[in-house]
Amino acid sequence: MGVNPRAIAPKVIVRTMTLGAIALEPAKSEFASVPDSWLLAYASVNNLIVVTHEVYAPDITQKVKIPNVCVEFEIEYVDTFAMLRDLQIKFVRSTKGKPK
């Protein structure tokens, strides 16, 4: 029985992220312990697009930001509004139940 590469790849990617030069050690340790790191690993392995409210900030070292990791590891990402536009989501205000 072989090892499933999809099962092990996220662990390798998360470890690699924490070793990279994208943030200071405390920030990297914190990032490795939160679900964001696994989300990004999964997106990378499965070639998915990450949706985030965070903004790319190349000079920040006190916190690991999702867009910074995406840029570092060539993971595609968009903000929420871009996703809504791409999906052609429209919000319609209902007048149902309102007095005329």
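# Chat about a predicted chain

Me: Starting with asparagine 47, does it count as buried or exposed?
Reply: Asparagine 47 counts as exposed, with a relative accessibility of 71%, where exposed stands for over 50% relative accessible area, buried for under 20% and partly exposed for what lies in between, using a 1.4 Å probe and protein chains only. This is a predicted model, in which local features need pLDDT of at least 70 and side-chain atom pairs count only at pLDDT 80 or more, while totals for chains, interfaces and linings use all residues. Residues are numbered from 1 along each chain as its sequence is written, and side-chain values use heavy atoms, with hydrogens and water left out.

Me: Where does asparagine 47 lie, and what is its phi?
Reply: Asparagine 47 lies in the loop between H3 and S1, and its phi is near 55°, which is a positive value in a residue other than glycine.

Me: What about glutamine 88, where is that and what is its phi?
Reply: Glutamine 88 is in the segment after helix H5 (80-86), with a phi near 55°, again positive in a residue other than glycine. Glutamine 88 counts as exposed because its relative accessibility is 65%.

Me: OK, stepping back, which elements does the protein chain have?
Reply: The protein chain has five helices and two strands, and from the N terminus on they run α-α-α-β-α-β-α. Helices (H or I, at least four residues) and strands (E, at least two) are DSSP runs that are numbered from the N terminus.

Me: And how much of the protein chain is buried?
Reply: Of its 100 residues, 31% are buried. The accessible surface, from the Shrake-Rupley method with a 1.4 Å probe, comes to about 7600 Å², and 58% of that belongs to carbon and sulfur atoms.

Me: Which residues make up the largest nonpolar core?
Reply: That core has ten residues, namely Ala27, Phe31, Leu40, Ala43, Val50, Val64, Ile66, Val69, Cys70 and Ile75. A nonpolar core here is a set of buried Ala, Val, Leu, Ile, Met, Phe, Trp, Tyr and Cys residues joined through side-chain atoms within 4.5 Å.

Me: Which elements give two or more residues to this core?
Reply: Those are helix H2 (25-32), helix H3 (35-46) and helix H4 (66-72), and H4 supplies the largest share, three residues. In soluble globular proteins, nonpolar side chains tend to be buried together.

Me: What does alanine 43 touch?
Reply: Not counting residues up to four places away in sequence, alanine 43 touches Leu48, Val50 and Ile75, where a contact means heavy atoms within 4.5 Å. For the protein chain, among contacts with a separation of 6 or more, 58% are between residues 24 or more positions apart.

Me: Back to H2, which residues are buried there?
Reply: In H2, Ala27, Lys28 and Phe31 are buried. They cover an arc of only 100° around the axis, so they are on the same side of H2, the arc being that of the directions from the helix axis to the C-beta atoms. An α-helix has 3.6 residues a turn, so residues three or four places apart point the same way. On the other side of H2, Glu25, Pro26 and Glu30 are exposed.

Me: How far is proline 26 from glutamine 62?
Reply: Their C-alpha atoms are separated by 7.8 Å, although proline 26 and glutamine 62 are 36 residues apart along the chain. Proline 26 counts as exposed because its relative accessibility is 61%.

Me: Changing topic, how many salt bridges are there?
Reply: The count comes to one salt bridge, if that means a side-chain nitrogen of Lys or Arg within 4 Å of a carboxyl oxygen of Asp or Glu. Lysine 63 pairs with glutamate 54, and their closest N and O atoms are 3.3 Å apart. Lysine 63 is partly exposed at 38% relative accessibility, and glutamate 54 is partly exposed at 21% relative accessible area.

Me: Which residues form the nonpolar patch on the surface?
Reply: Val55, Tyr56 and Val71 form the patch, with about 270 Å² of accessible area together. Patches are made of residues with over 30% relative accessible area and no salt bridge, where like charges are joined within 9 Å and nonpolar side chains (Val, Leu, Ile, Met, Phe, Trp, Tyr) within 5 Å. Valine 71 lies in helix H4 and is partly exposed at 40% relative accessibility.

Me: Last one, what is valine 51 in contact with?
Reply: Leaving aside neighbours within four places in sequence, valine 51 is in contact with Val78, Asp79, Thr80 and Met83. Valine 51 is in strand S1 (residues 50-51), and its C-alpha atom is separated by 9.3 Å from that of phenylalanine 81, 30 residues apart along the chain.
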